[in-house]
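Subject: Structure handover

Hello,

Please find the structure below. My notes on part of it follow.

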Amino acid sequence: MLVDGLKHINSVTIRDQESYRLLTGLGVDCTLSYDTAFVLKCSDEALHCASNILNSMDARYSAVISLREFNALYPVDNQQFVENIASLSHQLWTRKYQPVLLIQSSVSEMDSDWVIAKAIQERCPEVKVLDLVNYVSAFPSWELLQAILQVSRIIVAVRYHTAVLALAADRTPYNLYYSNKGADLSNRLDIPGGHIKHFCPSEEVDLIVQSGLVPFDAQSVRNRVQNDFKRALDNVGFQQSLLSQHYETA
């Protein structure tokens, strides 16, 4: 049903290679690009606000870690995830970084990310929790999130858009992905990290610290997204003009 629907759409753009190969193999005419959030760029005012937030938490040397609860859609062992992130947080703490657990999304009434955060905090009391969902701000939620990522010292991206917004801010996250879309970022853009199922904090903590020192130049990706989006709109507009001429002739 999905393939049939996509075949009737004038312009289809895909953000990961696996989906692109699957759909083109099934006869869908589509373009491979990147997530549109790559065009986002936070303001200097948002960066100043983000710095103040981290300073108020005494987290100037912050290691920001995004969280999520896993489920049947993404079958990862939540208990093991909690243990691993708690272990990572402790190791970062011993290296003089302040681990900050980032609540950036609220997808259910269960506050499931908070459940995960509290479980980690019980095992590693040194961590602090930054809940951007309920944070009162003059900036859109994506902008404050990106600003936090840009000014932090280390970024551990579990959530997909943590990685995307960090990259768009010219920062290199350590990408602990759980899906093909997250794996695609690491594979195509050569971003350090690996699948969350195979994460070993003691073996990877030095790589995580090093990743915070590596810049990322997002301009080529940003240009690609903008050009692909314009091409898609132009294609839709051209098809619409043909339909209008047909109706007028009729």
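A157 stands opposite N175 in strand β7 (residues 174-177). Strand β6 (residues 154-157) runs parallel to β7, and two bridges join them; strands count as paired if DSSP finds at least two bridges between them. Helices (H or I, at least four residues) and strands (E, at least two) are DSSP runs, numbered from the N terminus.

This is a predicted model: local features need pLDDT of at least 70, side-chain atom pairs count only at pLDDT 80 or more, and totals for chains, interfaces and linings use all residues. Residues are numbered from 1 along each chain as its sequence is written, and side-chain values use heavy atoms, with hydrogens and water left out.

Strand β3 (residues 62-66) also runs parallel to β6, joined by three bridges. A63 has I154 as its bridge partner in β6. From β6, I154 and V156 point one way, I155 and A157 the other, and all are buried (under 20% relative accessible area, 1.4 Å probe, protein chains only).

Now the helices. The axes of α7 (residues 160-168) and α8 (residues 180-189) come within 9 Å and cross at roughly 30°; axes are lines fitted to C-alpha atoms over the stretch in contact, and angles run from 0 to 180 degrees between N-to-C directions. Therefore α7 is roughly parallel to α8 (angles under 35 degrees). On the α7 side, Y160, A163, V164 and L167 meet K181, G182, L185 and L189 of α8, where contact means heavy atoms within 4.5 Å.

Regards

Technical notes:
Angles under 35 degrees count as roughly parallel, over 145 as roughly antiparallel, 65 to 115 as roughly perpendicular and the rest as oblique. Buried means under 20% relative accessible area, exposed over 50%, partly exposed in between (1.4 Å probe, protein chains only).
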